[in-house]
Structure formats: structure tokens, C-alpha cells
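This report describes selected local features of one protein model. The sequence and structure are shown first, followed by the terms and the findings.

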Amino acid sequence: MLTVSNLSVQFGKRILFDEVNTTFVQGNCYGVIGANGAGKSTFLKILAGDIDPTSGRVILEPGKRMSVLNQNHNMFDEHTVLETVMMGNKVLFAVKSEMDALYADYTDENANRIGELQVQFEEMNGWNAESNAGAMLSNLGIAADMHYTLMGELEGKMKVRVLLAQALFGNPDVLVMDEPTNDLDFETISWLENFLANYENTVIVVSHDRHFLDSVCTHISDIDFSKINHYSGNYTFWYESSQLAAKQKAQQNKKAEEKKAELEEFIRRFSANVAKSKQATSRKKMIEKLNLDEIRPSSRRYPAIIFDTEREAGDQILHVQNLAASVDGEVLFKNVDLNMAKGDKVVIFSKDSRATTAFYEILNNNLVADEGTFDWGITTNQSYLPNDNHEFFTDGDLNLVDWLRQFVKTEEERDEVYVRGFLGKMIFSGEEALKKCTVLSGGEKVRCMLSRMMMMRANVLMLDEPTNHLDLESITAFNNSLKNFKGSVLFTTHDHEFAQTVANRVLEITPNGVIDRYMTFDEYLDDEKVQELRKKMYN
């Protein structure tokens with residue numbers, strides 16, 4: 001379907017890709033992964049023809065159509081929503097536009113050309129194009145009364161959905177998507193997962209959402225050492241198998257037969273899990289065809305995120321009574337009651353991200369509630385990862401060693417060797433530890449904020465969108481750490497896997513009250529009574 005031949009990409013002295021040869025086959029969904037800066041987005045831009053490689057080429061099978069999720073959200077501001085979606089099939093839209101222009105200026109001379117265009121339009125199922133585009137928009141949460149609105153009048157999150165519909169429209173042979181779940185809610189992501197899981201053509205996707213990658217991918221395309229290698233299976237399988245391979249590589253004296261038996265047992269266990277999953281489709285049974293030789297250790301570095309507590313908290317963690325907040329007269333939430341007990345790991349959830357952020361800001365005394373009270377248990381100490389961490393990184397005189405020293409608790413921790421060792425575990429090694437704190441990337445800032453939280457050794461953690469800006473390696477390490485954390489957690493996330501594997505309680509705050517359930521995140525989303533209640537709460 002799509003072939004990459006002798007592809008090399010070099011920026012100055014930096015080699016991003018070196019003589020890459022690979023093929024993307026029909027019916028497979030490839031999740032492209034790689035460390036930050038490995039070239040994931042660059043590779044997709046080369047496939048789309050937006051960037052030329054230094055050498056080599058990309059060959060799409062003749063007669064096949066590629067569709068790319070557009071990253072320029074303002075490109076179609078002069079067009080209606082429905083028109084924008086139909087522009088996803090360029091050939092069909094060109095035929096329709098020419099036909100409409102000829103009808104508008106109809107003459108006998110035009111008639112033959114209109115007839116030819118009508119035949120082409122019929123062959124492309126053009127007469128059903130508008131209704132198909134409308135159905136796709138409705139599935140993505142864009143109501144029929146918005147279909148003739150100009151794109152320029154939509155808010156950013158709605159534009160993202162329209163551009164997603166545009167990429168999916170008309171059943172393209174190759175679908176290329178960079179971070180398609182950004183700015184989508186959980187229900188829309190679930191629809192997209194099901195759509196792609198049953199999609200019969202080729203999908204190539206970059207995403208930091210592990211649940212999404214696990215739900216849709218038949219293969220993982222790993223960018224490592226300037227090459228791209230395809231591995232059968234989804235992201236979790238790739239991650240666990242690469243960890244197992246790394247462990248086996250470290251055990252050089254282990255017999256080959258023992259290693260093989262361990263790998264075979266791992267594959268059997270994983271195949272059984274996939275077969276039982278609610279998403280199990282024919283595409284997801286690829287793991288059964290695995291080749292043991294495919295499994296190799298990865299060169300990835302995972303940060304050492306480990307949250308210790310200075311002391312154990314008592315039974316009473318947090319008592320919230322009748323809490324309410326609004327912005328410019330608009331109610332964000334009200335009537336919020338919460339009695340949080342020891343060991344609770346609560347995912348705070350709302351359709352409006354302003355509500356969850358306001359909730360954390362109130363609990364950290366950065367914002368005054370409209371009404372209500374909250375009390376922390378006397379044995380608790382809290383640390384907070386805000387969504388906006390800008391204010392922590394304004395002192396241009398501080399390098400990372402000095403920045404982290406601000407949060408140490410003992411004289412021993414002030415020692416440069418100790419601080420640099422701590423930063424090294426968070427992948428700031430050597431000269432990187434002497435960078436100024438004002439020049440950090442978004443992901444580096446979050447890793448610094450996590451280092452600060454670890455230094456504080458709090459028994460209650462508050463995390464507002466903690467996976468924003470992090471790469472897959474950091475997200476995975478962070479997720480595993482929170483699963484093992486002995487204290488209590490309040491967190492908000494758009495990462496489904498994070499919510500499902502960490503939380504044992506769900507608290508949804510709405511303009512009309514709160515829904516509080518001791519259940520997993522998936523159980524919450526699937527519970528019919530909860531869904532009925534949610535509809536009432538947001539009306």
C-alpha cells in the first residue's frame with residue numbers, strides 16, 4: 001500500500017533517519033512511537049508530502065488515496081463545517097465544485113461536461129457524500145444545526161473534531177494522523193477507537209494515549225537508532241516485551257531454553273488477555289501470530305519516578321462541604337461534598353476543564369471559593385502539580401541544580417552530588433543539569449515539577465493534567481509509580497489508561513452538583529445509571 005525507500009533525513013549534522021526501508025500494509029494500524037525528538041511528526045510530514053526527505057522517497061500504490069489529519073486549525077475558516085469535511089476527499093470535492101459552477105452558469109455547451117461529471121460523481125458515491133459527512137460529524141459530537149456554520153466561528157476544540165471528520169471522510173486508503181485524540185473528550189475518543197479498530201484500510205498514527213494505541217494498533221512502528229522497525233501487537237505488548245527482553249539481556253548467564261520458555265509464556269498470557277478484552281476484533285488478534293525473534297530490548301530511558309512519604313496519614317484525609325465556584329457569573333461547580341479516606345485515589349472529572357482546575361486551586365488556597373469549606377486531615381501534607389507551572393520557572397539566574405535545591409528538606413540533600421544524582425534519575429544528566437530553568441521545554445518542566453514533588457515526600461498528591469507535555473516513557477513510569485504509591489491521590493487526566501489503572505474512586509463535578517462513585521473509571525463510563533445522572537447534571 002505505502003512503501004518508504006532508502007529514506008534519509010538530516011538537519012545540519014544531525015541525522016534523524018538513515019536509509020529507512022519499510023512498508024505499510026493494507027488492513028494494519030501502525031502506532032508510530034519514539035523518544036522526544038526522534039522524528040515522529042517529521043516522518044508523518046514526509047509521508048504527507050509536506051516535507052522533502054534529504055534522500056529517498058515515499059511511494060503510494062497507484063490509484064490509492066491518502067488522507068492526513070490537518071494540524072492547521074484556521075486553514076478552512078472561510079468554509080462551512082460540512083464543506084470542510086467534504087474537502088477531505090479532494091477528487092470528489094473538485095468534481096462537485098466544477099459541477100456546481102457549471103450548473104450556476106448553465107448553457108447547452110456545458111451540458112456534455114456536466115454529464116461526464118455526473119457519471120464520475122455517481123461512481124464516487126457523490127450523491128450520498130453530504131449525508132455521510134453529516135453522519136460523521138454527528139458521531140463526533142457536532143450537531144446538525146452547526147453543519148452550515150463557518151469554521152471561523154467555531155471554538156478550537158470543535159475545529160479539531162471537524163478536521164478529524166475531514167481526515168476520516170470518504171474511506172481513504174491510507175489514513176495518517178498526528179495526535180488525533182488531543183482536545184477530544186473520552187466519549188469521542190471511544191467512538192474513534194471503535195471506528196479505527198474496524199477500519200479495513202491502512203492507518204498510521206502518532207499518539208501519547210496508551211489506551212488509544214492499545215485499542216487500535218495491530219503494529220507498533222518504533223523509531224530508534226535512526227531506523228523504523230515494525231513489531232506485531234499493541235503498545236502495552238511492545239512495552240512489556242521490550243522490558244522483558246532488556247531483563248533477559250542483563251541476565252547473560254541464563255540458558256537460551258529458559259529465555260525462550262519465558263518469552264513463550266509471556267506471549268500466551270498476553271494473547272489470552274487480548275482475546276478477553278471488550279475491544280477484541282480480528283485486527284486485535286495479531287498477537288497470536290507473533291514471532292519470538294521480533295522481541296528486542298529498547299534503547300529508551302525511563303525516568304525514576306518514586307513517591308515516598310515522610311509519614312503515614314491517618315484515616316481522615318480531606319473533608320469538603322458544599323463547595324462552589326464560578327467564573328464571570330458562570331457556575332463551574334456547586335454543592336460539592338467529599339469525604340476522602342486514607343488510600344483513596346480519586347479521579348476528578350468534569351466536562352469543563354476550568355472546573356477541575358478551579359477545584360485544585362481552591363484546595364491549595366490559590367483561589368477563594370464562592371461558598372463552602374474544606375479541611376485537610378491534621379496528619380496530611382500535600383504536594384500539587386498545577387496545570388500551569390509557569391510561575392515556578394521565572395528566575396533566569398537559576399540552573400536546574402539550584403532550582404531543585406529550593407525544595408530540599410535536609411542539609412544532606414543540599415549537596416550538589418545528591419541533587420545532580422536526583423536530576424540524573426529524571427533524565428537530566430551531565431551538562432543538562434546546568435541548564436537555566438527558563439529555557440526548558442514543556443516536558444522538561446513537568447519532570448522538574450515531579451522532582452520537586454518527590455523531594456516534598458507528601459502523603460497526598462494533587463495532579464491537574466499531569467501527562468500534558470510528557471513523552472510515553474515518562475507517562476508510563478509516572479503511571480506505574482502512582483499505582484504503587486501508598487498515600488492518597490486527587491488527579492485529573494485526559495489519559496484513559498492513567499485514569500483506569502490509578503483511580504479507585506470517581507468524582508465528577510458539574511454545574512448542578514456532584515457524582516461520587518467507588519468504582520474504576522471504565523465501570524463509571526459504562527454504568528447506565530451514572531450516564532443518565534450525568535445527562536441531568538449538565539442540563
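## Terms and basis

A residue is called buried when its relative accessible area is under 20%, exposed when it is over 50%, and partly exposed in between, with a 1.4 Å probe and protein chains only. Helices (H or I, at least four residues) and strands (E, at least two) are DSSP runs, numbered from the N terminus.

The model is predicted: local features need pLDDT of at least 70, side-chain atom pairs count only at pLDDT 80 or more, and totals for chains, interfaces and linings use all residues. Residues are numbered from 1 along each chain as its sequence is written, and side-chain values use heavy atoms, with hydrogens and water left out.

Strand 15, residues 460-464, is mostly covered, since five of its five residues are buried. Val460, Met462 and Asp464 point one way from this strand, while Leu461 and Leu463 point the other way. In a regular strand the side chains alternate between the two faces of the sheet.

Two strands are taken to pair if DSSP finds at least two bridges between them. Strand 14 (residues 382-385) runs parallel to strand 15 and is joined to it by four bridges; Tyr384 has Met462 as its bridge partner in strand 15. Strand 16 (residues 488-492) is also parallel to strand 15, with five bridges between them, and Leu463 has Phe491 as its bridge partner in strand 16. Strand 15, helix 16 (residues 472-484) and strand 16 form a right-handed β-α-β unit; right-handed means that, with the strands pointing away from the viewer, the path from the first strand over the helix to the second runs clockwise.

Three strands make an open sheet with the order 2-1-4 and antiparallel pairing. Strand 2 (14-24) and strand 4 (55-60) are at the edges with a single partner strand each, so one side of each has no neighbour in the sheet. From one strand to the next, the twist averages 15 degrees. Angles run from 0 to 180 degrees between N-to-C directions, and axes are lines fitted to C-alpha atoms, for helices over the stretch in contact. Strand 1 (residues 2-11) pairs with strand 4 in the antiparallel sense over five bridges, and Val4 stands opposite Val58 in strand 4.

Helix 1, residues 40-48, lies across strand 1, strand 2 and strand 4 and runs at about 125 degrees to strand 1. Its buried residues are Lys40, Thr42, Phe43, Leu44, Ile46 and Leu47. Just after helix 1, Gly49 has a positive phi of about 85 degrees.

## Cysteines

How many disulfides does a search of the whole structure find? With a disulfide taken as a pair of cysteine sulfur atoms within 2.5 Å, the search finds zero. The closest cysteine sulfur to that of Cys29 is in Cys217, at 4.2 Å, which is too far for a bond. Cys29 is buried, because its relative accessibility is 0%. For Cys448, the closest cysteine sulfur is in Cys437, at 8.0 Å, again too far for a bond. Cys448 is buried as well, with a relative accessible area of 1%.

Ser67 belongs to strand 5 (residues 66-68) and, at 4% relative accessibility, is buried. Its side chain reaches the backbone oxygen of Ala167 at 2.7 Å. Contact means heavy atoms within 4.5 Å; beyond neighbours within four places in sequence, Ser67 is in contact with Gln166, Ala167, Pro172, Val174, Leu175 and Val176.

Asn339 lies in strand 11 (residues 330-341) and is partly exposed at 43% relative accessibility. Residues up to four places away in sequence not counted, Asn339 touches Gln316, Leu318, His319, Asp344 and Arg505. A polar contact is a pair of N or O atoms within 3.5 Å; within protein, one must be able to donate a hydrogen and the other to accept it, and residues adjacent in sequence count only if both atoms are side-chain atoms. The Asn339 side chain makes such a contact with the side chain of Gln316 at 3.1 Å, and a polar contact of 3.4 Å joins the side chains of Asn339 and His319.
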